[in-house]
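Biologist: I'd like a close look at one part of this protein, the aromatic residues and what surrounds them. Could you take me through it slowly, and then show me how the rest of the chain is put together?

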Amino acid sequence: MLKAFLCEDNKNQREKLTKIIEDIILIENYDIDLALSTSDPYELIYNIKETSNTGIYFLDVDLHSDINGIQLAEKIRKYDPRGFIIFITTHAEMSYLTFIYKVEAMDYIIKDNYNNIKQRISECINNAHNKYRTKSSELQKIFSIKVEDKIINIDYNDILFFETSSTIHKVVLHSLNRQVEFYSKMKEVENSLDERFIRCHNSFIINKDKIKELDKKNRIAYMINGEKCLISTRGIKNLFS
């Protein structure tokens, strides 16, 4: 699901923009949740630190904080590189900063006309929704495993990692809700996967989208469910290439 976030320091404008966003989502019946409407950029950052959802971010530029909206967008990009960022501001002269900070904004809307703002926000939400839906469809790939007389299909998005089994010629798939052991070679598995999966060790292939934390010193990847995968020196380079 897409989540929407609004950061606007002016209370009256925040309330108006909140209503515009909520009305568009309701009228279009989009599967989007307005997760936060706030004046505090740090509250927004706190809310997205632990989430894996893609967001639509509506940001004022002048937030009367120690960071402005463009600097906030730069921080958002660290946690949500695929998010959709839209600036809504009176500061037309600051649009060049979006290029300096490389935040890849979807739009830069000037607060000059209420109806124009509503139309531009609607276009942004529609565009983000369509792009997200297309991207999600592309990502919904299936890994098929033959186990005895059964074929087991597991979404790529549910796979955490593969590891070599203690049984010769077998591999263990670790997903969000199950483990499946099957006959194969790690090289064969590696060649069948897409760019989300990295051979980080002779015994491990990990889904880099499911890494919670990387311990570079001890060469360990902690996955989102708490499981650990070893990383070789070469594997570290592969993860950061």
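To begin with, are Tyr156 and Phe197 buried or exposed?

Modeller: Happy to. Both Tyr156 and Phe197 are buried, where buried means under 20% relative accessible area, exposed means over 50%, and partly exposed is in between, using a 1.4 Å probe and protein chains only. Before going on, please keep in mind that this is a predicted model, in which local features need pLDDT of at least 70, side-chain atom pairs count only at pLDDT 80 or more, and totals for chains, interfaces and linings use all residues. Residues are numbered from 1 along each chain as its sequence is written, and side-chain values use heavy atoms, with hydrogens and water left out.

Now to the rings themselves. Rings of Phe, Tyr and Trp (its six-membered ring) pair if their centres lie within 6.5 Å; planes under 30 degrees apart are called stacked, over 60 edge-to-face, and the rest tilted. That rule gives 7 aromatic pairs. In one of them, the ring centres of Tyr156 and Phe197 are 5.5 Å apart and the planes stand at 90°, so this pair is edge-to-face. Tyr156 sits in the loop between strand E7 (150-155) and strand E8 (159-164), while Phe197 belongs to strand E11 (residues 197-201), so the pair ties together parts that are 41 residues apart in sequence. Helices (H or I, at least four residues) and strands (E, at least two) are DSSP runs, numbered from the N terminus. Tyr156 and Phe197 also belong to one aromatic cluster, together with Phe143, Phe162 and Phe182.

Cys200 counts as buried because its relative accessibility is 0%. Leaving aside neighbours within four places in sequence, Cys200 is in contact (heavy atoms within 4.5 Å) with Ile206, Leu230, Ile231, Ser232 and Gly235. The C-alpha atoms of Cys200 and Ile231 are 5.1 Å apart in space, though 31 residues separate them in sequence.

Two of those partners, Ser232 and Gly235, turn up again in the lining of the second largest pocket, along with Lys187, Glu190, Arg199, His201, Asn202, Arg234 and Asn238. A pocket here is found on a 1 Å grid over the protein atoms alone, as an open set of points where a 1.4 Å probe fits, with protein on both sides within 12 Å along at least five of seven lines; lining residues have an atom within 4 Å of a point. The volume of this pocket is about 160 Å³, taken as the space filled by probe spheres set on the points. E11 supplies at least two residues of the lining, as do helix H6 (186-192) and helix H7 (233-239). H7 gives the largest share, 3 residues.

Elsewhere in the chain, the largest nonpolar core has 22 residues, of which Ile21, Ile32, Ile56, Phe58, Ile121 and Ile125 touch the most other members. Such a core is a set of buried Ala, Val, Leu, Ile, Met, Phe, Trp, Tyr and Cys residues joined through side-chain atoms within 4.5 Å. Strand E1 (2-7), helix H1 (11-28), strand E2 (32-38), strand E3 (55-59), strand E4 (84-89) and helix H5 (114-139) each give two or more residues to this core. Setting aside neighbours within four places in sequence, Ile125 is in contact with Ile21, Ile24, Tyr30, Ile32 and Phe58. Apart from this core lies another, of 18 residues, including Ile45, Tyr57, Leu72 and Ile76.

Two loop residues complete the tour. Asn29, in the loop between H1 and E2, has a phi near 55°, a positive value in a residue other than glycine. Asn29 is exposed, with a relative accessible area of 68%. Arg219, in the loop between strand E13 (211-215) and strand E14 (220-223), also has a positive phi, of about 55°. Arg219 is partly exposed, at 36% relative accessible area.

Stepping back, the protein chain has 7 helices and 15 strands, and 43% of its 241 residues count as buried.
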